[in-house]
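Hi,

Here is the structure I promised to pass on.

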Amino acid sequence: MYNPKSLKAEEFISHEEILATLDYAEKNKGNIELIDEIIEKAKTLKGLSHREASVLLACDIEEKNQEIYALAEKIKQDIYGNRIVMFAPLYLSNYCVNGCVYCPYHAKNKTIPRKKLTQEEVRNEVIALQDMGHKRLAIESGEDPVNNPIEYILECINTIYSIKHKNGAIRRVNVNIAATTVENYRKLKDAGIGTYILFQETYHKESYEVLHPTGPKHDYAYHTEAMDRAMEGGIDDVGLGVLFGLELYKYEFAGLLMHAEHLEAVHGVGPHTISVPRIKRADDIDPTVFDNGIDDDTFAKIVACIRLSVPYTGMIISTRESEAVRGRLLKLGVSQISGASRTSVGGYTDEERPHDTEQFDVSDQRTLDEVVRWLMEMGFIPSFCTACYREGRTGDRFMSLAKNGQIQNCCHPNALMTLKEFLNDYATEETRKIGNALIDSETGNVPNPKTRQILLENLDKIEGGMRDFRF
Ligand code: SAM
């Protein structure tokens, strides 16, 4: 029985409720009156239920779809402005005991070399990432209680935060590791992590069990209830995601929004971010064997509908996607992107991009400087800001900042100051020129005169060599 407040996976992600939702969406996909009503509701920025959102996703009336895209762009602009937060993944270990059939790290893969970073190697990777200009990382690891126990992950986090190379610093470490216990989540919280990210992969229980035939990840309920344990352990910024291509996208979309509604209903705060990965080619993985791949237009529609449904949840797109796809999705709702990513263990310290231990093929292979310049040329402000969590603005405190419209007095100046740091420390001459002109024109867009004044003073101080200011 469907119950968003239940703590049981099969009740808050009810298969029957998803089927009923898909049926409702199919029957109403041409119901212009209802579609107009839902679009009007989305304009109030209060979000949409999974049923309402599913109707918009199913809608095949071209004119209404154009309205949905236009509204997604407007919501994106109204809430997030033109800032795009930058991050990079850091692969710690590809040892894994699970059998995920879409992932090259699966335990039975005998061709992929297994590697786990030593603390010295973590250090070198972090220095390489700092030297590009990164301030925010997402650490990634396979699941292996012997090779990558929680103590190893915690040690790596400690190492990462401790490294101060030249003007570099990693100021926020997000964590993407397998579902674990409340006790371990508490340890991660105490280690000072930002967001805990765990992709559901698929919300369809039967498919989930087939796609994860062996290992601890086979347990659908344990995996699906992980965010509740994370929140119980004190982590209030959690990141959801599904791996598009595994199951029918409409099913996943409804499940994803039900998961968000569940977190809101039980913990009073929805997901901090939603990621939208699509399956990619990798070592022994051929993405074409999965039947449910989605084309770029469907992918764009999903992103636009997520933007309307959870307006205050950040959306993340990785280098799994090409420059062209990323450019399109940024306008429709994506607020965070990775840059210059290497998805192999130890990949950042190699001169050439290594492919041997990669988790997936990287489509967007540009340098961070190139991505930053590209964003600015499209009118975006690349942001290296990590202020919120360092100021304790997590969970519902972040949400209230966003909902009170204070982003423009807080995130906007923080973006400009961290961009200025990047330009001075890491950018090429040309990127610096474009960036400084952008900063000059954007300082006027801080509404509060006092904040604007402090921003101008801080920008001067950064020019003079000082670092790490924030609102
Ligand atoms: N091992 C951890 C777990 O089980 O949740 C998380 C880390 S894993 C390195 C990060 C994510 O990469 C997975 O959750 C999965 O969605 C995604 N992934 C795995 N194989 C992929 C592939 N072939 N193409 C694209 N993404 C993939």
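This is a predicted model: local features need pLDDT of at least 70, side-chain atom pairs count only at pLDDT 80 or more; totals for chains, interfaces and linings use all residues.

**The largest pocket**

That pocket holds about 400 Å³ of space. The elements giving two or more residues to its lining are α12 (249–267) and α17 (395–403). In total 22 residues line the pocket, and the ones nearest its centre are Lys 46, Glu 264, Gly 270, Ser 309 and Val 310. By type, the lining of this pocket splits into 12 nonpolar, five polar and five charged residues.

**The ligand**

Which residues are closest to the ligand? They are Tyr 102, Ser 141, Glu 201, Lys 217 and Lys 280, out of 19 residues that surround the ligand.

- Lys 217 has a polar side-chain atom 2.9 Å from an oxygen atom of the ligand.
- Lys 280 uses its backbone instead: an N or O atom there lies 2.9 Å from a nitrogen atom of the ligand.
- Arg 320 places a polar side-chain atom 3.0 Å from a nitrogen atom of the ligand.

On its own the ligand would expose 570 Å², and the protein buries 97% of that.

**The cavities**

Searching the whole structure gives four cavities of 30 Å³ or more. The largest cavity contains about 800 Å³ of space. It is lined by 49 residues, and closest to its centre are Glu 140, Asn 176, Phe 199, Arg 320 and Gln 359. β1 provides the largest share, four residues. The lining of the largest cavity comprises 25 nonpolar, 16 polar and eight charged residues.

The second largest cavity has about 380 Å³ of space. Among the 22 residues lining this cavity, Val 85, Arg 136, Gln 336, Phe 398 and Cys 411 are closest to the centre. At least two lining residues come from each of β1, α16 (387–390) and α18 (407–425), and α18 gives the most, with four. Here the lining divides into 10 nonpolar, eight polar and four charged residues.

**A covered helix**

Is α15 mostly covered or mostly open? This helix, residues 368–377, is mostly covered, with eight of its 10 residues buried. The buried ones are Leu 368, Asp 369, Val 371, Val 372, Arg 373, Trp 374, Leu 375 and Met 376, and you'll notice that Asp 369 and Arg 373 are on that list. After α15 comes Gly 379, with a positive phi near 95°.

**Two backbone angles**

Two residues other than glycine also have positive phi values. Lys 166 has a phi near 50° and sits in the loop between α7 (150–162) and β3 (172–176). Its relative accessibility is 69%, so Lys 166 counts as exposed. Asp 468 has a phi near 65° and lies in the segment after α20 (449–463). With a relative accessible area of 31%, Asp 468 is partly exposed.

Happy to go through any of this with you.

Cheers

Notes
Residues are numbered from 1 along each chain as its sequence is written. Side-chain values use heavy atoms; hydrogens and water are left out. Buried means under 20% relative accessible area, exposed over 50%, partly exposed in between (1.4 Å probe, protein chains only). On a 1 Å grid over the protein atoms alone, a cavity is a set of points where a 1.4 Å probe fits but cannot get out, and a pocket is an open set with protein on both sides within 12 Å along at least five of seven lines; lining residues have an atom within 4 Å of a point. Grid points are joined across faces, edges and corners, and a volume is the space filled by probe spheres set on the points. Ala, Val, Leu, Ile, Met, Phe, Trp, Tyr, Cys and Pro count as nonpolar, Asp, Glu, Lys and Arg as charged, and the others, Gly among them, as polar. A residue is near a molecule or strand if one of its heavy atoms lies within 4 Å of it. A polar contact is a pair of N or O atoms within 3.5 Å; within protein, one must be able to donate a hydrogen and the other to accept it, and residues adjacent in sequence count only if both atoms are side-chain atoms. Accessible areas come from the Shrake-Rupley method with a 1.4 Å probe; for residues, only the protein chains shown count as cover.
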